[in-house]
Amino acid sequence: MFPFSVFHLDFGEKLDVITVVWRKDACTGPQALSITIPSLIVALTAGFEVRQDYSPCWIDLEKEVMIITFSVAWVEITLQDINDNPPVFPTDMLDLTVEENIGDGSKILQLTAMDADEGANALVTYTIISGADDSFHVDPESGELIATKRLDRERRSKYSLLVRADDGLQSSDMRINITVSDVNDHIPKFSKPVYSFDVPEDATPGSLVAAILATDDDSGVNGEVTYTVSEDDEEGVFFLNPVTGVFNLTRALDYEAQQYYILTVRAEDGGGQFTAIRVYFNILDINDNPPVFSMASYSTSVMENLSPGSAILNFSVTDADDGSNSQLSFSIASGDSAGQFGIDNSGVLSIRQPLDRESQSFYSLVVQVHDMAPLAASRYTSTAQVSIILLDVNDSPPTFISPKLTYVPENTPIDTVVFKAQATDPDSGPNSYIEYSLLRPLGNKFSIGTIDGEVRLTGELDRETVSNYTLTVVATDKGQPSLSSSADVVVIVLDINDNNPLFARKLYKVEVEENTLTGTDLIQVFATDGDEGTNGQVRYAIMSGDANNEFRIDSVTGVITVAKPLDREKKPSYTLTVQSADRGSSPRTDTTTVNIILKDVNDFIPMFELSPYSVNVAENLETLPKVILQVVARDDDQGLNSKLTYVLVAGNEEGAFTLSGSGELRLVRSLDREAKEQYTLLITAADAEEYLE
């Protein structure tokens, strides 16, 4: 039995097990009753905030409580709140549009987050996590979003704030995207304070002649600019595009009628704010008149010795245009390739460089004048013909035109014309007549004709003595006073092949070992020739004494070398006849003798010509020692290389024989045929070099 018909219980909304403690009077000790209420758990798990109408909550435990003794009781349950719900914003993201220029402290938005808990668990505080850029602030208790400084769309047009609602334990965030909308707080601004345009008077009607630009920092309609001409264009010469700000010409211009236009242009935005400026159009003159000479052609005569800088003509030229289009520039277009004349921009023709009638006696110049229009392509040009005649002055000495170098063979006969001097004088009359003379005759070898300038040989020449002469020829004109000039003429005496190429020695001797290698230089012969050129060039050749061509000679240097292997034993010496010859058309020659002696080299092995030898010796000879054989070997070498020594090297084990150094074989002990009937002896022959080794 329950001691009470109704139990009053307070527990947290998340408990799974309810323990009821009661005392029965008849019992001596307390008894505990554990009541498991799954159905209640389901309801409570749903949350206190969901079913707060269960206060008091009456639960019939008869079906749910399993006890040994059935009793029925009512349980009154009061649920206590815990902080298990976060504050919740109405939405996770909010897009908000705010006009610019909102002042400091203006309320932008009221933030509200709902928390299902109650009491202290439902107290919410608000903060801005990011994106404020010091422009926004939120009241932590009221949730009012406030602008902390004046917003300016032109500085920043968008913000993205992350705000948080926090109940002390749990929180939630919301993203607020703020767009700052435009307010027409800017007036249009032109790119320049004043516009000035230059328009040529020949601009085509309809062509684009100028463009202006105004900008407005506002957006949308407030930033759209429209252009208008407000005044000063009664004639409608210029059309202004209201959208682009481009000016088009509506009709032809005439600089002579009007030189400039001044317009007032207005730029207005969609909100009604505007700015006005001045636009100046300067009409540019077009060059449409050519310069005009006062005469079509000019002619003058001047002395050729007129000094540089002297004026010879002054041109009068007019141009109907104005300004730079009427300013003139003169030049010499042709006829003065040497630049001897000059003309300034005032039209004065003068001498720039000294003139010389003898070089050029007449000039035909084309003088050109053009205006100074800024565009070169639009300039006008006019020309005039100018004839200039130079009057002669005797100022030119004779000038040599003949060569300054001549060649004479050394065997040229006396009185032969070896050279003819020629000079010209560009002057005329007596000033151009010329006489010739030699300034310093050299050794009475040459003379010159006064009128014809022929230089003749008056003495014999020898190139080997004097190879060249320098004659100074003077040409003098007949002017008053006379002018003269001189020229050095070099007379080169040509060689005649009249000298033999002579050897320095008539006999050359050389000793060389017979085993000298092929290509080895043995000796150099040398010959000199007093002639020059090919006549003095010497070539060498072996004429005789070398039938087998064991030697060769360098035809240019005269070096004799070994051409084939030599063998003293075949030929111990050579006597060569060497010839030197020059390269003249009729060569001259000389000869010399070259003796080549071969020195012996031990290159032969001694050879027994009668080997093998056979000797019969009687046994039991009593007269001993006895010469029984003379061996002879041959060595074709010379000297010590051919001196032989003989040695008994084998077959004489019993000592019955001896051999002298000269090759005598002696029997020194009696022989017994019955004991040994034949002896085979080995004898060697060695020359001195081999023996010494």
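**Figure 1. Asn 549 is partly exposed, with 47% relative accessible area.** The terms follow from relative accessible area: buried is under 20%, exposed is over 50%, and partly exposed lies in between (1.4 Å probe, protein chains only). The model is predicted, so that local features need pLDDT of at least 70 and side-chain atom pairs count only at pLDDT 80 or more, while totals for chains, interfaces and linings use all residues. Residues are numbered from 1 along each chain as its sequence is written, and side-chain values use heavy atoms, with hydrogens and water left out. Asn 549 occupies the loop between strand 44 (538–544) and strand 45 (551–553); helices (H or I, at least four residues) and strands (E, at least two) are DSSP runs numbered from the N terminus. Although Asn 549 is not a glycine, its phi is positive, at about 55 degrees.

**Figure 2. The loop between strand 49 (607–608) and strand 50 (626–630) contains Pro 612.** The peptide bond leading from Ser 611 into Pro 612 is cis, its omega being near 0 degrees. Pro 625 is placed in the loop between strand 49 and strand 50, and the bond that joins Leu 624 to Pro 625 is cis, with omega near -5 degrees. Asn 620 is likewise found between strand 49 and strand 50. The phi of Asn 620 is near 60 degrees, a positive value in a residue other than glycine, and this residue is partly exposed at 47% relative accessible area.

**Figure 3. Glu 609 and Arg 634 form a salt bridge, their closest N and O atoms being 3.5 Å apart.** This pair links distant parts of the chain, 25 residues apart: Glu 609 is in the loop between strand 49 and strand 50, and Arg 634 is in strand 51 (residues 633–634). A salt bridge here is a side-chain nitrogen of Lys or Arg within 4 Å of a carboxyl oxygen of Asp or Glu. Glu 609 is exposed, with a relative accessible area of 55%, whereas Arg 634 is partly exposed at 46%.

**Figure 4. A network of salt bridges links Arg 463, Glu 464, Asp 495 and Glu 532.** Side chains of opposite charge can pair when their charged atoms come close. Arg 463 meets Asp 495 in a salt bridge of 2.9 Å, N to O. Arg 463 and Asp 495 are both buried, the relative accessible area of Arg 463 being 9%. Glu 532 forms a salt bridge with Arg 463, in which the closest N and O atoms are 3.4 Å apart. That pair spans 69 residues, Glu 532 being in the loop between strand 43 (527–528) and strand 44. Glu 532 is partly exposed, at 36% relative accessibility. A search of the whole structure finds 18 salt bridges.

**Figure 5. Ser 396 counts as buried, at 7% relative accessibility.** Its place is the loop between strand 30 (381–391) and strand 31 (399–400). The side chain of Ser 396 makes a polar contact with that of Glu 358 at 3.2 Å and with that of Asp 395 at 3.4 Å. A polar contact is a pair of N or O atoms within 3.5 Å; within protein, one must be able to donate a hydrogen and the other to accept it, and residues adjacent in sequence count only if both atoms are side-chain atoms. Beyond its neighbours within four places in sequence, Ser 396 has contacts that include Asp 356, Asp 425, Pro 426 and Leu 483; contact means heavy atoms within 4.5 Å.

**Figure 6. Asp 133 lies in the loop between strand 8 (125–130) and strand 9 (136–138).** The residue is partly exposed, with a relative accessible area of 36%. Its side chain makes a polar contact of 2.9 Å with the side chain of Arg 156. Leaving aside neighbours within four places in sequence, Asp 133 is in contact with Lys 149, Arg 155, Arg 156 and Tyr 159. The C-alpha atoms of Asp 133 and Tyr 159 are separated by 8.4 Å, although these residues are 26 apart along the chain.
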